[in-house]
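Hi there,

Here is the structure I promised to pass along. Have a look at it first, and then read on for what turned up.

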Amino acid sequence: KLGFTNEEIKKLIKHLPTIFSYNIDTLNQKIDDLINLGYKKDDIIKMIKKNPSLLSYNTLTIKIKFTFFKQLGYLDDDIINMTKAFPIIYALDLTVIKSKIECLYEFLYTKEEIIKMTVSFPSLLSFSLLNLKEKL
């Protein structure tokens, strides 16, 4: 019902065995909440395949991070594209994300450049600060 093949379900269980404890209505609600943020169901399925732990994330936390990026100047489509490519962003701590964005400002990037870089290369936000500074 969620849109996964049997083989995909086996892989999900392998990576997230706690999925057995999830209520199907709760899983459907999480998917509906993501749809309400602007994601397409097919994209959500792809995101879950990339990062099965997405199913374990608190929906409120996802909404807070979505709003956080909007407050930084990201468009909804920017956030959706960035997190579709790298859904682990929703697992990153907001203070860590802030510090990485501040690091980019220190290197004199503009807000628009930072948005463009992180949308096209979202895993940049997962680099350690030391690694980020070395690469810049």
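**Aromatic pairs and a helix contact**

Phe 127 has a relative accessibility of 18%, so it counts as buried, the cut-off being under 20%. Please keep in mind that this is a predicted model.

The ring partner of Phe 127 is Phe 121; the two make an edge-to-face pair, with 5.8 Å from centre to centre and 75° between the planes. Phe 121 itself is partly exposed, at a relative accessible area of 41%.

How many aromatic pairs are there in the whole structure? The search finds 4. Tyr 39 sits in the loop between helix 2 (24-37) and helix 3 (41-50), while Phe 66 belongs to helix 4 (residues 59-71), so the pair links distant parts of the chain, 27 residues apart. Are these two residues buried or exposed? Tyr 39 and Phe 66 are both buried. There is also a cluster, in which ring pairs link Phe 68, Phe 69 and Tyr 74.

Now for the helices. Helix 5 (residues 76-85) and helix 7 (residues 111-120) cross at roughly 35°, and their axes come within 8 Å. On the helix 5 side, Asp 78, Asn 81 and Met 82 take part, meeting Ile 115, Thr 118 and Val 119 of helix 7. Sorted by class, this contact has 3 nonpolar, 2 polar and 1 charged residues.

Best wishes

Conventions:
Residues numbered from 1 in each chain as written. Predicted model: local features only at pLDDT ≥ 70, side-chain atom pairs only at ≥ 80, totals over all residues. Heavy atoms only, no water. Axes fitted to C-alpha atoms, helices over the stretch in contact; angles between N-to-C directions. Helix = DSSP H or I, 4+ residues; strand = E, 2+ residues; numbered from the N terminus. Contact = heavy atoms within 4.5 Å. Nonpolar A, V, L, I, M, F, W, Y, C, P; charged D, E, K, R; others polar. Phe/Tyr/Trp six-rings, centres within 6.5 Å; stacked < 30°, edge-to-face > 60°. Buried < 20%, exposed > 50% of the residue type's maximum accessible area, 1.4 Å probe, protein only.
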